[in-house]
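Good morning, and thank you for making time for this presentation.

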Amino acid sequence: VCLNRVESVSLPVCLYGRKKRPVQEARFDYYSLDQDGEGDGDTELREDELSNIIEIYDFPTEFKTEDLVKSFQAYQQRGFDIQFVDDTHALALFNSPIAAREALRTKHPLLKVRSLAKASVTTRAKARSCSDYLLPTKERPQTSAVLARRLVMGALGVKSPQSKEHREAERKKLQDARGTRRVSASERLRTILSSGVL
């Protein structure tokens, strides 16, 4: 059966009892994706993406993690970690983008540093694949066993064997720590308010 154009337009209405919906344009071009994974289109990073991570490169293959950590010793207190990519490339993980920018300015005779946006393809791929858990470990805050000792002694019904001077020294140490924490919190608040972030 041969249909002319007018009949073919009305055919969907006759067959299904409703008009045919227009075809929606695709939002994504899936044909442009690299099937082999050889391209680096997926590993391209913006300058602000993962900005707390930098690449350490061109260091001797004999270097171990301890050697790289010693090179960035100044950042150890603020939270810093190393993840190796290969023998001469590593990721340096910092607590904040500010610390990473400071580390980019440091000079070391045996190694070089650059931002992750300018890093090698393999380093960017490693950072992208591990980005969920690429946060530096924070050191555990100083703790005191005063509360635990008091709870255990109370539960056992035993008097504490510590001298009164020792208990007072621990109590004073805890009060000093609370005061320091309050001062640092108020300084952070002042910094935030003065920067106009809120």
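Let me begin with burial: a residue is called buried under 20% relative accessible area, exposed over 50%, and partly exposed in between, with a 1.4 Å probe and protein chains only. At 3% relative accessibility, Phe72 therefore counts as buried.

Please note that this is a predicted model, in which local features need pLDDT of at least 70 and side-chain atom pairs count only at pLDDT 80 or more, while totals for chains, interfaces and linings use all residues. Residues are numbered from 1 along each chain as its sequence is written, and side-chain values use heavy atoms, with hydrogens and water left out.

I turn to the overall architecture. The protein chain has 6 helices and 4 strands, where helices (H or I, at least four residues) and strands (E, at least two) are DSSP runs numbered from the N terminus. Along the sequence they follow the pattern α-β-α-β-β-α-β-α-α-α. Of the 198 residues in the protein chain, 21% are buried. A contact here means heavy atoms within 4.5 Å; among contacts in the protein chain between residues at least 6 apart in sequence, 67% join residues at least 24 apart.

Next, the sheet. In what order do the 4 strands of the open sheet lie? The order is β2-β3-β1-β4, with antiparallel pairing; two strands pair if DSSP finds at least two bridges between them. The edge strands, each pairing on one side only, are β2 (80–86) and β4 (112–115). On average, neighbouring strands of this sheet are turned by 30° against each other, direction ignored. Such angles run from 0 to 180 degrees between N-to-C directions, with axes fitted as lines to C-alpha atoms, for helices over the stretch in contact. Helix α3 (residues 97–104) packs on the sheet and touches β1, β3 and β4, its direction making about 140° with that of β4.

Strands β2 and β3 form a hairpin with 2 residues between them, and 6 bridges join this antiparallel pair. Within it, Asp81 has Leu93 in β3 as its bridge partner. On the β1 side, 5 bridges join β1 (residues 53–57) to β3 (residues 89–94), again antiparallel, and Tyr57 stands opposite His89 in β3. Over the ring of Tyr57 sits the charged end of Arg114, 3.8 Å from the ring centre; the rule requires NZ of Lys or CZ of Arg within 6 Å of the ring centre and within 35 degrees of the ring normal.

Now the aromatic residues. Rings of Phe, Tyr and Trp (its six-membered ring) pair if their centres lie within 6.5 Å; planes under 30 degrees apart count as stacked, over 60 as edge-to-face and the rest as tilted. The count by this rule comes to 3 aromatic pairs. The rings of Phe59 and Phe63 have centres 6.1 Å apart and planes at 25°, so this pair is stacked. Both residues, Phe59 and Phe63, are buried, and together with Phe84 they form one aromatic cluster. For Phe72 and Phe94, the centres are 6.3 Å apart and the planes at 75°, so this pair is edge-to-face. That pair links distant parts of the chain, 22 residues apart: Phe72 lies in the loop between α2 (65–71) and β2, and Phe94 in strand β3. Phe94 is buried, at a relative accessible area of 0%.
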